[in-house]
Amino acid sequence: MDGGDMDRDRDRVRLLSNRIERSELKPGDHIYTWRIAYSYAHHGIYVGDNKVIHFTTAPEGGARTKFLPSRFHPASAYCQACAEIKRQHESPANGGSAKETGIRDSSHGAAVCISCLDCFVRNRGHLYLYAYEVSTKFFLGKMHGTCTMARADPPEKVLHRAFYLLKHGYGKYNLFKHNCEDFSIYCKTELVIQSYIAGLSNQIQGRISHAMYMAADNGIMSHIMSEIDRYKSDIGVRKDATRMPVEMLIKAYEQKSACAP
């Protein structure tokens, strides 16, 4: 990413809020929306034309599909915008197929899917921009799961990874170490953790660490130790983080799946 792009991203993120308007979105942006009274956030990659690619579990009562049904209703209940997205991606003119609805190697209901912004935010949430290459001071001043010290790649590389994973899947969903934030961070950075090809997210890890230290009831020391752990777990400073092209990542998942009992 060149200096102009980085300046643009820094200007769009503020210390008190990462909220962004739809008119400000750029293809390749890592966005998120808060759910259930700010208890957790759902993440994805904005790919332009009011569309988001994200990693999620299958809607209740619905099959795995790369097209997200409206507000997580059963797979037949697409909103008008998502129905049009589905039609376009299944069009033979775009290399698609009407039979192409499942995601290869996305077991246990997990799927990389594409949906409209309204369904991504469930028609009532706000959008927020995930910040990259932030300073240590900025990082520690923000909530878990809203920024990283890692450097983001140019938008065209981010979009390539997102669409490649839309076609090939992103493996098995795991709330603690292989979730929607991990998916989005990988698309932005191409970074994986060497030991298990997953676990880039500090959203869940940071909150668990914070809860454990708070339970110890050591006052300010608990908070300090929690923030130290959060800093050390960030993908931007981890020593075991390495770049892995998306094609190699898919092969690694296939090999891992083949070896599974």
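This note goes through the fold, the cores and the charged pairs of the protein.

1. Basis. The model is predicted: local features need pLDDT of at least 70, side-chain atom pairs count only at pLDDT 80 or more, and totals for chains, interfaces and linings use all residues. Residues are numbered from 1 along each chain as its sequence is written, and side-chain values use heavy atoms, with hydrogens and water left out.

2. Overall. The protein has 9 helices and 7 strands. These are DSSP runs, numbered from the N terminus: H or I of at least four residues for helices, E of at least two for strands. Of its 261 residues, 50% count as buried. Buried means under 20% relative accessible area, exposed over 50%, and partly exposed in between, with a 1.4 Å probe and protein chains only.

3. Surface and contacts. The accessible surface comes to about 12,700 Å², and carbon and sulfur atoms hold 55% of that. The areas come from the Shrake-Rupley method with a 1.4 Å probe; for residues, only the protein chains shown count as cover. Among contacts (heavy atoms within 4.5 Å) with a separation of 6 or more, 68% join residues 24 or more positions apart.

4. Cores. A nonpolar core is a set of buried Ala, Val, Leu, Ile, Met, Phe, Trp, Tyr and Cys residues joined through side-chain atoms within 4.5 Å. The largest has 26 residues; Ile-53, Leu-165, Tyr-170, Phe-183 and Leu-249 have the most contacts inside it. Two or more residues each come from β2 (40–48), β3, α2 (80–90), β4 (110–116), α5, α6 (180–189) and α9 (246–259). Helix α5 gives the largest share, 5 residues. A second, separate core of 13 residues includes Ala-150, Ala-152, Leu-191 and Ala-241.

5. Helix α5. This helix covers residues 155–168. Its 14 residues should span 20 Å at 1.5 Å a residue, and the end C-alpha atoms are 20 Å apart, which agrees. The expected span is 1.5 Å times one less than the number of residues. Its buried residues are Val-158, Leu-159, Arg-161, Ala-162, Leu-165, Leu-166 and His-168. Just after α5, Gly-169 takes a positive phi of about 90°.

6. Salt-bridge network. The structure holds 8 salt bridges, each a side-chain nitrogen of Lys or Arg within 4 Å of a carboxyl oxygen of Asp or Glu. Asp-153, Arg-161, Glu-190 and Arg-243 are linked in a network of them. Asp-153 pairs with Arg-161, with the closest N and O atoms 2.7 Å apart. Both of these residues are buried. Arg-161 also meets Glu-190 (3.5 Å, N to O). Arg-161 lies in α5 and Glu-190 in the loop between α6 and β6 (191–193), so this pair ties together parts 29 residues apart in sequence.

7. Glu-190 forms a salt bridge with Arg-243, the closest N and O atoms being 3.1 Å apart. Arg-243 lies in strand β7 (residues 241–243), so the pair ties together parts that are 53 residues apart in sequence. Relative accessible area is 3% for Arg-161, 13% for Glu-190 and 42% for Arg-243. Arg-243 is therefore partly exposed.

8. Lys-51. This residue sits in strand β3 (residues 51–57). Lys-51 is buried yet has no salt bridge; the nearest side chain of opposite charge, Asp-49, is 4.5 Å away. Lys and Arg count as positive, Asp and Glu as negative; His and the chain ends are not counted. Leaving out residues up to four places away in sequence, Lys-51 touches Ile-45, Tyr-46, Ile-85, Gln-88, His-89, Ile-114 and Ser-115.
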